[in-house]
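Work through the exercises below with the structure in view, and try each task before reading its solution.

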Amino acid sequence: MEATNLLYRDPALYDVVQADSTSAEMCQDLIERHRPNAQTLVDFGCGTGRDLEILSKRFACIGLDLQPSMVGYAHQARPLLDIRTGDMRTVRLGTRMDVVTCMGNSLAYVHDNKEISRVFATFAAHAGPGALLVLCSPVAPISRTGPTTATVDTLRGLAKVTVRHEWDLRKQINTMYRHWVLPSGDEAQDEIHRRVLFPRELERYAEGVGFEVLDMTDGTEGGLTGPTAYTVARYTRD
């Protein structure tokens with residue numbers, strides 16, 4: 001993924017770009033709503049640990065990410081956090097937690113149906129009785145097709161970013177093409193492929209390993225209206 005995404009090659013820039021994210025706060029609100037007595041949490045696809053740092057103020061946390069560069073940066077930037085390198089399709093940490101999370105599009109980078117099933121099996125393997133599963137993932141394609149341009153405030157000044165999207169219905173893949181013009185004048189190209197799992201698909205994968213879906217929300221009052229949603233499910237097996 002580093003080869004196709006500048007933010008993964010530059011974790012410090014990733015942190016800057018994600019500084020306004022409210023994912024951790026949204027996740028904590030959902031936990032307080034559905035499992036207020038939760039004490040332990042494992043986050044799959046934790047990246048630089050930005051969200052985990054916030055959640056660790058409330059829960060005893062473990063984070064896991066596939067990319068050694070992100071984990072290495074997390075160890076330097078947030079040395080008090082327990083963040084490990086591993087593949088969420090296969091890892092077994094030998095512990096069961098009150099909350100299992102997977103946010104920041106991590107699930108969307110798994111494209112194959114069988115591999116997605118393996119990821120959900122990992123979620124179940126780390127879920128204690130009554131545990132919550134909290135996911136943040138794409139649930140619909142991004143509808144706009146024309147390019148959009150914005151400026152991003154980086155540690156070295158303003159960068160110009162142009163983004164366009166393509167949708168492959170057969171594969172349910174959203175591809176983001178992102179062109180960066182950095183403050184130095186250097187340019188970079190990203191090509192990011194994310195699998196969309198529609199709400200009913202998410203239910204099926206979750207139920208198949210023992211989770212009961214409790215809620216799906218995009219944070220608005222109008223139900224699911226945006227392309228990304230939070231899914232909350234409870235583990236029903238012992």
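**Exercise 1.** Determine how helix H6 and H7 are placed relative to each other, and which residues meet where they pack.

*Solution.* In this predicted model, begin with the geometry: H6 (residues 113–125) and H7 pack at an angle of about 55°, and their axes are 9 Å apart. Next, compare the angle with the cut-offs, under which 65 to 115 degrees counts as roughly perpendicular and angles under 35 degrees as roughly parallel; H6 and H7 are therefore oblique to each other. The crossing in which H6 passes H7 is right-handed. Finally, look at the residues: Asn113, Ile116, Ser117 and Phe120 of H6 meet Leu202, Tyr205 and Ala206 of H7. Sorted by class, this contact of H6 with H7 holds five nonpolar residues, two polar ones and no charged ones.

**Exercise 2.** Find the strands across which H7 lies.

*Solution.* Helix H7, which spans residues 199–208, lies across strand S5 (127–138), S10 and S11, and its direction is at about 155° to S10.

**Exercise 3.** Work out the order of the strands in the open sheet, and explain why S3 and S10 are edge strands.

*Solution.* First, read the order of the seven strands, which is S3-S2-S1-S4-S5-S11-S10, with mixed pairing. Then consider the edges: S3 (83–85) and S10 (211–217) each have a single partner strand, so one side of each is left without a neighbour in the sheet. From one strand to the next, the twist averages 20°. As for S10, six bridges join this strand to S11 (residues 228–235), and the two run antiparallel; among the paired residues, threonine 217 has tyrosine 230 in S11 as its bridge partner.

Definitions and conventions:
Residues are numbered from 1 along each chain as its sequence is written. This is a predicted model: local features need pLDDT of at least 70, side-chain atom pairs count only at pLDDT 80 or more; totals for chains, interfaces and linings use all residues. Side-chain values use heavy atoms; hydrogens and water are left out. Two strands pair if DSSP finds at least two bridges between them. Helices (H or I, at least four residues) and strands (E, at least two) are DSSP runs, numbered from the N terminus. Axes are lines fitted to C-alpha atoms, for helices over the stretch in contact, and angles run from 0 to 180 degrees between N-to-C directions. Contact means heavy atoms within 4.5 Å. Angles under 35 degrees count as roughly parallel, over 145 as roughly antiparallel, 65 to 115 as roughly perpendicular and the rest as oblique. A crossing is left-handed if the near helix is turned anticlockwise from the far one by less than a right angle, and right-handed if clockwise. Ala, Val, Leu, Ile, Met, Phe, Trp, Tyr, Cys and Pro count as nonpolar, Asp, Glu, Lys and Arg as charged, and the others, Gly among them, as polar.
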